[in-house]
Amino acid sequence: MALQQLPLLGGSLPWNASLWGSVDDSVRGGNSSSRLTIATAANEATFAGYLDEVTLGSAGFASQQTVGSLDWNLTGHEGLLVSVALSDGKLYTLNLKDVLPASDRESSLLYETNFTVPSSSGSTGAQEVFLPWANFTATYRGRAQPDAKPLNTSSIKTISLMMRSYFGKQEGAFSLTVKSISAFIKR
């Protein structure tokens, strides 16, 4: 089976730190923090930080989201492929939005899927994670929205990487180094 990829972030495209910003639980009074650090020579991005699961009663989160509008048309693709160089083995969430909220402070519908990459030291090469569109669930402020419209893959506006406490199941330092994110088609 052949795999076709459309590079979106990293890979044959350079990572750009100015495209990313923090959306952490500090917006709700929490103490979690995140950053996205670009290793230009390796063309990798490391999503890392600290997840506080105490301050907000085990509801901590930290994320890095693209700013502005990406305006990706991914019609005809089957989902996203995340190539991971290093992982701490924790549970991560990848979020997509197909509509931008009216303001930065406003919550909006997003589509999310979780993934875990086994802990790695980097010596085994990249690990690939396939995230088919069917795995993305519509949520609003962390709650599933079963009656929401399906993800509009012709109009992807933002992408984000998120770490959640899952009500006390995860906490502390986290780190995930991503080589690339691309859209894929398996033929």
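1. Let's start with Trp20, which is buried at a relative accessible area of 9%. Please keep in mind as you read on that this is a predicted model. Tryptophan 15 also counts as buried, its relative accessibility being 8%.

2. How do the rings of tryptophan 15 and tryptophan 20 meet? Their centres are 6.3 Å apart and their planes make an angle of 40°, so this pair is tilted. The count of aromatic pairs comes to seven.

3. Another pair to look at is phenylalanine 47 with phenylalanine 174: the ring centres are 5.0 Å apart with the planes at 55°, so this pair is tilted. It links distant parts of the chain, with phenylalanine 47 in strand 4 and phenylalanine 174 in strand 13 (residues 172-186), 127 residues apart. Both phenylalanine 47 and phenylalanine 174 are buried.

4. Now for the backbone. Asparagine 43 is not a glycine, yet its phi is positive, at about 50°. You will find asparagine 43 in the loop between strand 3 (33-39) and strand 4 (44-51). Is asparagine 43 buried or exposed? Its relative accessible area is 18%, and because buried means under 20%, asparagine 43 is buried.

5. Aspartate 71 is worth a look too: this non-glycine residue has a positive phi near 55°. Aspartate 71 lies in the loop between strand 5 (61-66) and strand 6 (79-87).

Key: Residues numbered from 1 in each chain as written. Predicted model: local features only at pLDDT ≥ 70, side-chain atom pairs only at ≥ 80, totals over all residues. Heavy atoms only, no water. Helix = DSSP H or I, 4+ residues; strand = E, 2+ residues; numbered from the N terminus. Buried < 20%, exposed > 50% of the residue type's maximum accessible area, 1.4 Å probe, protein only. Phe/Tyr/Trp six-rings, centres within 6.5 Å; stacked < 30°, edge-to-face > 60°.
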